[in-house]
Amino acid sequence: MRIAVIGAGVVGAACALELAERGAEVVLVDRVGIAAETSSRCEGNLLVSDKAPGPEADLAIHSNARWRALADRLDAERTGGQPETEFEAKGGVVVAFPGGEEALRRFAAAQRGIGIRAEELDAERLLAAEPHLSPEVALAIHYPDDAQLQPSNTTQALAAAAVRHGARLVVAEVTGSRAEAGRIAAIETTAGAIEVDAVVNCAGPWAGELGRRLGAPLDIRPRRGVILVTTPMPQRVFHKVYDADYVGAVGSGDAALQTSTVVESTPGGTVLIGSSRERVGFDEHPGVDPVRAIAAKATRLFPFLEETILLRSYFGFRPYAPDHLPVIGEDPRVGGLFHATGHEGAGIGLAPATAELVAHAVLGAPTSLDPVPFLPGRPGIGVAA
Amino acid sequence: MTRVAVLGAGPAGLAAAEAALAAGAQVTVLDEGARPGGQFWRHRPGLTDPRMQHGVRRFEQLQSALAGAVVHSGAAVWSVELREPGERGGAVVLRAAVGPADGARREAVVVEADALVIATGAHDLALPIPGWTLPGVTTAGAAQALAKRDGVSVGRRTLVAGAGPFLLPVAQSLALVGSTVVGVHEASRIGALAGGWLPKPWQLLGKSAELAQYAGALARHRIPYRIGSGVVRVLGDERVEGAVVAQLDADWRPRPGTERVIECDAVALGHGFTPRLEAAVMLGCEVTGDRRGRFVVVDDGQRTTQPRVFAAGEVTGIGGADAALAEGAIAGYRAAGLAQDDERLHAALRVRDRMRRFARRLETAHGIRPGWTAWLDDDTIICRCEAVAKRAIVERAEVPLRAMRLATRAGLGPCQARTCGRAVEAIVAEARVSATGVTAAGQAVDGSDSAAPGGGDLGFERRPLLAPVRLGELGGADRPTCGEN
């Protein structure tokens, strides 16, 4: 079976690997190359801690387990100048400031109900876990399953593994498609036509536009996120530490600037601080408001950051659907067209489970996941953004 | 009264400030240096040999004009924004932390203005060479700064190499502060020089008197001047003990068999200049060119493609101090509201137009040629901050620039690719061309993907923050700092 996977970000690379390993003839198509956009402009969060019970939490829990083996394997199979995934099962610590304790406690209790490990830390254990955290913090919950990896490197590793399994990379922009008997028979690209039996739309925030070019518009929109990077320093942050108000921002449909602060150290010694969320289309000039808002919240969590020098900041566009649930599965309008997008800020974490669902949809591969909640046929998805 | 902010206090910025003041504007100048003058005027009375000073009288005029402006020296400007002119009026908002970078809390300064002149200048550019990380190797600009400002030479026996007329004053300054200059090696050959200049680069244009004076200095100090020649390796264990020079072909590729060793304890490298585009890019001003040279697009009135934003000096094209002074004056007058045909602009316009021709000749004659990568070894460090060798960059050249940088860490260190950016791009471009069959991301490198969102060719210059700043300094004053006239 010939499958074109369009978009070489983390979701496309994971799908390409999964499909190639299952014997499909895969062409990975991207207009710039591997990890050119969103997957090189994010934090590499593998979070279960921010998921409320529901379909996305199921996907996250499943994916979290798969990442451990997958990252090991990608690192073991590394060749040439290929970088490491920098996978680190460091765990997360979610904190509440005075007034926020009850909401966080309720949230964690609900998560425990679906099997997410969430342990309240007393003052002594919190001090041991994060000695530099602000004494103002009123409650802290430890999530041992939260993890982190270097998203760009990992995407490059996934794509390299897919290529080793026979996938082919084509750098070209998809301009349209040709149908035969109501099914996609070929995609048209700036490098010529590619004959296919199936197409997987993994174009992230550009998935709506790509869907339109393939005759199946989708309501997938970009959300801009800014991330700050400090100069390297001796390690003073040991987990992914964040304010519980993050949980509110992820699910919000509000267009205005929102920030929540996730603070963590990287193997390079820098501290990564993210992230803002703004619905401003593909606007490439974030200005200083997000940076200032993130900095204010980060210094509230870790007062030592006041004196820490910011080395740089960067931003990326996250794909989201109006109901904030990933869109995975066969398009109800165009035969042979499948979508895998809408992961918002969780695409890195959800990539392996997404690839599993895509293999299920395209090749009939087995899965223990319930594909139904993510299907593109649900109300409100199949219209142009 | 029109409020004009000027970013940078080198020749272009000072001329802009002077002109805007003369046209009746209220002017605020922000500059990262401890005192105005930029890279060009950094001499100290009584310490710097007068023969190294050029246009001192002009500098003194500009400085006295500054008395009418608010000047923030030592200002790390970390953001520039355009806002809808309205409520509080100002269309341009600049934020800076003012004070010594390593000092305690710097002062937060917010400047609002109706118009901005970007005069951020250029870095001098040294291409990587095997051994260039040895102590004793500096940029030509650093050697010049030490000589002018501190009266100190980078070495006892110094070799000057690179491309362009800037090498001449550097050699002269080194000689004046007591170094033996063992040679000036200009990479461009007769053909290229003849295309741009006449065979002898100092016999030209409005620059001729100045260049003739350098030629005289070289002769007086018995400094050999070689063209079509460059340093291809720096020798030494703990520090510089010598350098290998070789003849270079028209593409700057070393000619095998022409290598010879020159004993020296310092090497000053200057292969050109890299304009500092970050502020212009942050504002969304159009930038033109490719990896061999990108500049802010300006019209005849030095206006950028963004309303109320002007640019002058090396950010619009490498043309030297005279061009910068003329462009700065035009930008200052226009920013203050004068019309293009106002007679006060006439003199500056004439000089600017002549100097633009000079700049074009400069690029034709001395612009970096692609063959230079041939003098690199696989293990030559390209990104000094993160110690990334050429091999690592070549191995990852197939992925888009951004992914390559994250994988190799090239350009992610404290200088944020300001030193290595151009070299890294050249190495990637060459690796992609030589890796036939591997067409992955082929287009990305020559900038043709710039239409794609977040496209690669501005990658190194697109920075949400313009300067390193402490997190605690990002908050603070949100209203304009008082004291503006």
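Helices (H or I, at least four residues) and strands (E, at least two) are DSSP runs, numbered from the N terminus. The model described here is predicted: local features need pLDDT of at least 70, side-chain atom pairs count only at pLDDT 80 or more, and totals for chains, interfaces and linings use all residues. Residues are numbered from 1 along each chain as its sequence is written, chains are lettered from A and ligands numbered from 1 in the order in which they are written, and side-chain values use heavy atoms, with hydrogens and water left out.

Two backbone features come first. A:S275 sits in strand β16 (residues 271-277) of chain A. The peptide bond that joins A:G274 to A:S275 is cis, with omega about 0°. In chain B, B:R308 is not a glycine, yet it has a positive phi of about 70°. B:R308 lies in the loop between β19 (293-296) and β20 (309-311) of chain B.

Chain A is assigned domain 1 (2-75 + 151-219 + 323-374) and domain 2 (92-144 + 221-320). Such bounds come from an automatic or database domain assignment. The C-alpha centres of domain 1 and domain 2 of chain A are 27 Å apart. Contact means heavy atoms within 4.5 Å. By this rule, 26 residues of domain 1 of chain A touch 33 residues of domain 2 of chain A. Buried area is the accessible area (1.4 Å probe) that two parts lose on being put together, summed over both. For domain 1 and domain 2 of chain A it is about 2500 Å², with 59% on carbon and sulfur atoms.

A salt bridge is a side-chain nitrogen of Lys or Arg within 4 Å of a carboxyl oxygen of Asp or Glu. Between domain 1 and domain 2 of chain A there are 3 salt bridges. A salt bridge also links the side chains of A:D219 and A:R221, at 2.9 Å from N to O. A polar contact is a pair of N or O atoms within 3.5 Å; within protein, one must be able to donate a hydrogen and the other to accept it, and residues adjacent in sequence count only if both atoms are side-chain atoms. Across this domain interface of chain A, 13 residue pairs are in polar contact, both at pLDDT 80 or more. On the side of domain 1 of chain A that touches domain 2 of chain A, the elements giving two or more residues are β3 (45-46) and α2 (55-76) of chain A. That side divides into 10 nonpolar, 10 polar and 6 charged residues. Here Ala, Val, Leu, Ile, Met, Phe, Trp, Tyr, Cys and Pro count as nonpolar, Asp, Glu, Lys and Arg as charged, and the others, Gly among them, as polar.

The two chains also meet. Chain B gives 46 residues to the contact and chain A gives 43 residues. About 3700 Å² is buried between chain B and chain A, and carbon and sulfur atoms give 57% of it. The count between chain B and chain A is 2 salt bridges. The side chains of A:E307 and B:R470 form a salt bridge of 3.5 Å, N to O. Another salt bridge, also listed at 3.5 Å from N to O, joins the side chains of A:D289 and B:R83. This pair runs from helix α8 (residues 289-301) of chain A to the loop between β4 and β5 (92-98) of chain B.

Polar contacts between chain B and chain A number 11 residue pairs, both residues at pLDDT 80 or more. On the chain B side, at least two residues each come from β4 (75-82), α7, α11 (401-408), α13 (442-445), β23 (469-470) and α14 (471-474) of chain B. The most come from α11(B), with 5 residues. The side of chain B that touches chain A holds 24 nonpolar, 11 polar and 11 charged residues. Strands pair across the chains as well, where pairing requires DSSP to find at least two bridges. Strand β17 (residues 309-320) of chain A and β23(B) pair in the antiparallel sense over 2 bridges. A:I309 has B:R470 in β23(B) as its bridge partner.
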